[in-house]
Amino acid sequence: MESKIMSHIILAKAWNNGKFLPNGGGYGVWLTNYFKDEYLDVEWASVILELEGWEKVAELGINTDAFWTRGRELRSGIIGKWLIANGKGTWAEGQEPEIFLRPLGKNRFAASLSPIDGIEDSVDAILSTAQPLKTE
């Protein structure tokens, strides 16, 4: 699969297994099927997220059958620590913090808790408002 370097962003959500752990365990990123289909390659062993304002990158393994067949979350204690440090460690059900992902090339993505470069629309938001084609 060719890498896609694009200026737009993809909206993901923070994920948690239901327990707040100060060490960041039990956290991750919940991805849309669109993101999996368009931006990930089944041959990659991992995805690397460059977390805004965070020195350490999060390398997330995607080489499992479970991820490709039924899962959409990528788990990492580093993401948990990043969320907690940014005041996003807990949330009400259905109010998961948004994570904005921008493709950087191959398996690297920039991750931010606010829109990147002032871009506010995600691909998923655009797709959700698109009008279906009328067939005659």
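Trainee: Where is lysine 106 found?

Mentor: In this predicted model, lysine 106 is part of the loop between E6 and strand E7 (108–112).

Trainee: Why does lysine 106 count as exposed?

Mentor: Exposed means over 50% relative accessible area. Lysine 106 has 53% relative accessibility, so the residue counts as exposed.

Trainee: What is there to say about the phi of lysine 106?

Mentor: Phi of lysine 106 is near 45°, which is a positive value in a residue other than glycine. Most residues other than glycine have a negative phi.

Trainee: How many helices and strands are there in the protein chain?

Mentor: The protein chain has four helices and seven strands. Their order along the sequence is β-β-α-β-β-α-β-α-β-β-α. Of its 136 residues, 39% count as buried.

Trainee: How many aromatic pairs does the count come to?

Mentor: The count comes to five aromatic pairs.

Trainee: What makes the pair of tyrosine 27 and tryptophan 91 edge-to-face?

Mentor: Two rings pair if their centres lie within 6.5 Å, and planes over 60 degrees apart count as edge-to-face. The centres of tyrosine 27 and tryptophan 91 are 6.2 Å apart and the planes stand at 70°, so this pair is edge-to-face.

Trainee: Which parts does the pair tie together?

Mentor: Tyrosine 27 belongs to strand E2 (residues 27–30), while tryptophan 91 sits in the loop between helix H3 (77–85) and strand E6 (98–105), so the pair ties together parts that are 64 residues apart in sequence.

Trainee: Does tyrosine 27 count as buried or exposed, and why?

Mentor: Buried means under 20% relative accessible area. Tyrosine 27 is at 0%, so tyrosine 27 counts as buried. Tryptophan 91 is at 25%, between the cut-offs of 20% and 50%, and therefore counts as partly exposed.

Trainee: Why is the pair of tyrosine 34 and tyrosine 39 called edge-to-face?

Mentor: Their ring centres are 6.3 Å apart and their planes are at 65°, so this pair also meets the terms for edge-to-face. Tyrosine 34 is partly exposed, with a relative accessible area of 28%, whereas tyrosine 39 counts as buried at 5%.

Trainee: Which residues do ring pairs link into a cluster?

Mentor: The cluster consists of Tyr34, Phe35, Tyr39 and Phe109, linked by ring pairs.

Trainee: What lies over the face of phenylalanine 67?

Mentor: Lysine 36 does, at 4.6 Å from the ring centre. The cut-off for that distance is 6 Å.

Trainee: How many cavities of 30 Å³ or more does the count come to?

Mentor: The count is two. The second largest cavity holds about 30 Å³ of space. Among the residues that line the second largest cavity are Val29, Phe35, Val47, Leu101 and Phe109.

Trainee: Where is the place of isoleucine 48, and why does isoleucine 48 count as buried?

Mentor: Isoleucine 48 is in strand E3 (residues 46–51). Its relative accessibility of 12% is under 20%, so isoleucine 48 counts as buried.

Trainee: What does isoleucine 48 touch?

Mentor: Not counting residues up to four places away in sequence, isoleucine 48 touches Val57, Ala58, Glu59, Asn107, Arg108 and Phe109. Isoleucine 48 and alanine 110 are 62 residues apart in sequence, and their C-alpha atoms are 8.5 Å apart in space.

Definitions and conventions. Residues numbered from 1 in each chain as written. Predicted model: local features only at pLDDT ≥ 70, side-chain atom pairs only at ≥ 80, totals over all residues. Heavy atoms only, no water. Phe/Tyr/Trp six-rings, centres within 6.5 Å; stacked < 30°, edge-to-face > 60°. Helix = DSSP H or I, 4+ residues; strand = E, 2+ residues; numbered from the N terminus. Buried < 20%, exposed > 50% of the residue type's maximum accessible area, 1.4 Å probe, protein only. Lys NZ or Arg CZ within 6 Å of the ring centre and 35° of its normal. 1 Å grid on protein atoms, 1.4 Å probe; cavity = no way out; pocket = protein on both sides within 12 Å on 5 of 7 lines; lining within 4 Å. Points joined across faces, edges and corners; volume = space filled by probe spheres on them. Contact = heavy atoms within 4.5 Å.
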